[in-house]
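This report is written for someone who meets this structure for the first time. The sequence and the model are shown here, and the notes follow.

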Amino acid sequence: MELEDGRMIQWMRENYNIPEEVEIDEDYPGFGGMAAMYEHEHEREEYEAHMKWYEEHPYLETYSIFTENLKSLKVMINQRSNPFDDKTIHRMAYAHAVTLFEAMVGDIIKTTLLSFPHLMNRFIGKLSEDKSLKFTVKEIAELGINGIVMNIINAQTFHNPLTVKNYVNLVTGEVLPDTHMAKIKKVIEIRHDFVHRNGKTVTGEYHSVDTALIIGSIEIIEKFANDVFETLSKAMSGE
C-alpha cells in the first residue's frame, strides 16, 4: 500500500508540476480529484496491457500452453508415491486441472474474438438481444466495444460446462458437441466437493481419490477442451 501511495504521489508531482519540497497528502488542495484521475489512468493502462497481451498471444498458443500444462500435471501425478501426502496432492491437482481449463476457455474466447472480426460482430449481434446488459455512455467511450466485450467475458466463470457451451455457441453460431458433457459435469461436481466440502459429497461420503481418478478426469477435461477448440477453429474460417 505504501509503495502504491508513493507511486501515486510521484504521478501527481509529474502531471501537475508539484515541486518536491511541497508535501502532498489528503489535505492538499484538489487531492481527491488528482487521486481519482490517477486511479482512472492506472485502470486504463492495465486494460491496454491486457488487450495487448491477447493480441500478442493468439488462440493456438493459448490452447497449446493449456495442453502442455495438463500433460505436465499427469506426469507429476504418475510420479507420486508417498501415501502420506498423495491425497492432498491429488485434490490439489484435480482442482488445478479445472482451473487451467477455466482460464484457457476465457482466454481462447477473448483471443478469438479480437483476432476474427466476423466472430466479434456475430457475438455482439447476439449480445444486443440480451436486455439485461446495460452500459453507460462513459463506459462505451472509455472501453470501446472490444473492451466491453472483454469485460463481459471476464465476468463469467468457465468451470461451468453449460456456460462454456453457451458462450462457444454465441461466438461460433454453431453448437458445441455434447459428447463429453455428462462426464465433464461430473468432473466439475467432484472438484466442487474437493474445494468446498473437503472431498465429501452432499450426503457426507468421501470421494475415493487416487491416481486413476485424477488421470481419468484430466483426460475428460482434455477431450471437452478439444471440442471447444475444434468448434472455435471451424468458425474462424467461416467469413
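What follows goes from the overall make-up to single residues and their partners.

## Basis of the model

The structure is a predicted model, in which local features need pLDDT of at least 70 and side-chain atom pairs count only at pLDDT 80 or more, whereas totals for chains, interfaces and linings use all residues. Residues are numbered from 1 along each chain as its sequence is written, and side-chain values use heavy atoms, with hydrogens and water left out.

## Overall make-up

The protein has nine helices and zero strands, and along the sequence its pattern reads α-α-α-α-α-α-α-α-α. Helices (H or I, at least four residues) and strands (E, at least two) are DSSP runs that are numbered from the N terminus.

Of the 239 residues, 40% count as buried; buried means under 20% relative accessible area, exposed means over 50%, and partly exposed lies in between, with a 1.4 Å probe and protein chains only. The accessible surface comes to about 14000 Å², and 53% of this surface belongs to carbon and sulfur atoms. These areas come from the Shrake-Rupley method with a 1.4 Å probe, and for residues only the protein chains shown count as cover. Among contacts (heavy atoms within 4.5 Å) between residues at least 6 apart in sequence, 69% join residues at least 24 apart.

## Helices H1 and H2 and the loop between them

Asparagine 17 sits in the loop between helix H1 (2-16) and helix H2 (31-56). The phi angle of asparagine 17 is near 55°, which is a positive value in a residue other than glycine, and asparagine 17 is exposed, with a relative accessible area of 69%.

Within helix H2 lies tyrosine 38, which is buried at a relative accessible area of 10%. Not counting residues up to four places away in sequence, tyrosine 38 touches Glu4, Arg7, Met8 and Trp11. Tyrosine 38 and methionine 12 are 26 residues apart in sequence, while their C-alpha atoms are 7.7 Å apart in space.

Glutamate 39 is also placed in helix H2, and it is partly exposed, with a relative accessible area of 39%. Together, Glu39, Glu43, Glu45 and Glu46 gather in a patch of negative charge on the surface. Such patches are made of residues with over 30% relative accessible area and no salt bridge, in which like charges are joined within 9 Å and nonpolar side chains (Val, Leu, Ile, Met, Phe, Trp, Tyr) within 5 Å. Lys and Arg count as positive and Asp and Glu as negative, while His and the chain ends are not counted; the place of a charge is taken as NZ of Lys, CZ of Arg, CG of Asp or CD of Glu.

## Salt bridges

A search of the whole structure finds seven salt bridges, a salt bridge being a side-chain nitrogen of Lys or Arg within 4 Å of a carboxyl oxygen of Asp or Glu. One of them joins glutamate 20 to arginine 13, with the closest N and O atoms 3.7 Å apart; glutamate 20 is exposed at a relative accessible area of 55%, whereas arginine 13 is buried at 12%.

Another salt bridge pairs glutamate 222 with lysine 74, and here the closest N and O atoms are 3.1 Å apart. Because glutamate 222 lies in helix H9 (residues 211-236) and lysine 74 in helix H3 (residues 59-79), this pair ties together parts that are 148 residues apart in sequence. Glutamate 222 counts as partly exposed at 22% relative accessibility, while lysine 74 counts as buried at 16%. Arginine 197 and aspartate 193 also form a salt bridge, with the closest N and O atoms 2.4 Å apart; arginine 197 is partly exposed at 31% relative accessibility, and aspartate 193 is buried at 3%.

Which charged side chain is buried yet has no salt bridge? This is arginine 191, for which the nearest side chain of opposite charge, glutamate 102, is 5.0 Å away. Arginine 191 is found in helix H8 (residues 181-196), and, leaving aside neighbours within four places in sequence, it is in contact with Tyr94, Ala95, Val98, Thr99 and His159.

Alanine 235 lies in helix H9 and is buried, with a relative accessible area of 7%. Apart from residues up to four places away in sequence, alanine 235 touches His118, Leu119 and Thr172. Alanine 235 and threonine 172 are 63 residues apart in sequence but 5.3 Å apart in space, C-alpha to C-alpha.
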